[in-house]
Amino acid sequence: MLGLGFQRPRRSPWELLRSAAVSCFLALLCHFALAMVPRLFPSLSLLSLLPISALVLLATIFLGKCWRRLLGIAASAPAFVLFNILFLWGVYIAVIRGAIPSILDAILNAECALLLFGFYKIFSSDPGMVAHDSSCSIESEQKGFSEFDLQYESPLFSRVRYCNICKTSIRGFDHHCPAFGNCIGQKNRRLFIGLLAGFVIAEASYTMCSTHFITRSLNTQKIRLENIISGNFVIGTTLFSILQVLWQVVFLVWHIYCICLNIRTEEWINWRKYPEFQLIVQPQPGSPTSETRFTNPYDKGFIGNIKDFFKPKD
């Protein structure tokens with residue numbers, strides 16, 4: 001019997017609710033920890049607080065992971081991302097919005113709404129799943145990527161890779177994205193790039209609005225003792241947004257680089273597993289063995305690779 005082979009682990013409603021609750025708690029814990037940074041170091045500038053915030057964020061995530069393992073409680077990465085979006089949007093609406101011009105306010109709210117819509121779309125999208133016999137699926141888990149991929153000799157199955165997390169074969173597989181809860185493949189790669197760029201733009205917009213609020217509040221001396229908690233949350237979420245933008249920009253540049261070369265992340269990392277990426281160089285006189293070098297058979301040149309990326313996928 002043929003089937004898509006794509007089966008996300010089925011969990012009961014109670015398990016899903018518990019996972020979402022744990023993710024919500026971890027997101028709140030991260031933001032409370034970041035809000036303590038400006039409170040403990042009030043004399044430091046925003047730039048000086050960045051490395052401290054990065055360490056605090058990493059330590060909080062690590063402690064949360066240890067706590068979950070100790071108690072045997074699972075969390076959901078997509079839910080964690082979702083609650084972070086909602087928390088930043090909530091801080092903006094509750095604290096920052098009043099100090100922002102109406103046009104910027106409308107733009108940021110539209111960006112957040114589009115971000116949530118794109119997040120839902122990529123979470124529920126088909127990355128390019130390939131129907132195959134269930135026996136092939138079991139065999140692929142035992143053999144791994146390379147041997148299984150060699151079974152596909154038809155052009156229809158070109159660049160099909162097997163994801164051990166989703167337990168399915170994906171055409172144009174790039175990587176499995178835990179944050180979005182889905183594989184990134186031929187059918188949703190453009191959506192992934194657009195959503196990644198959307199995160200960068202939205203978080204940069206939030207940073208701009210929050211720094212405008214902080215500067216205006218300090219200049220007009222509106223931050224008093226009763227507002228110190230909300231002020232710390234604004235600074236903490238600003239630091240969080242800057243840290244997010246920094247690594248997401250690097251990640252986005254990497255994927256744009258891969259698009260320009262028409263190669264996938266999985267292929268870059270594991271190119272030695274795939275014969276089409278291996279160029280055997282015959283040994284030179286005096287050299288005992290041949291040399292295996294990387295070659296990209298899918299490279300069509302810069303313009304051709306860009307066209308291939310934007311070409312509609314069946």
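This is a predicted model: local features need pLDDT of at least 70, side-chain atom pairs count only at pLDDT 80 or more; totals for chains, interfaces and linings use all residues.
Residues are numbered from 1 along each chain as its sequence is written, and side-chain values use heavy atoms, with hydrogens and water left out.

**How the terms work**
- On a 1 Å grid over the protein atoms alone, a cavity is a set of points where a 1.4 Å probe fits but cannot get out, while a pocket is an open set with protein on both sides within 12 Å along at least five of seven lines; lining residues have an atom within 4 Å of a point.
- Grid points are joined across faces, edges and corners, and a volume is the space filled by probe spheres set on the points.

**Largest pocket**
- The largest pocket holds about 1100 Å³ of space.
- Its lining takes in 40 residues, with Phe 80, Val 81, Ala 179, Gln 244 and Trp 247 lying nearest the centre.
- That lining splits into 29 nonpolar, eight polar and three charged residues (Ala, Val, Leu, Ile, Met, Phe, Trp, Tyr, Cys and Pro count as nonpolar, Asp, Glu, Lys and Arg as charged, and the others, Gly among them, as polar).

**Largest cavity**
- There's one cavity of 30 Å³ or more, and the largest cavity has about 60 Å³ of space.
- Lining the largest cavity are Gly 185, Gln 186, Arg 189, Arg 190, Arg 264, Asp 308, Phe 309 and Lys 313.
- By class, that's one nonpolar, two polar and five charged residues.
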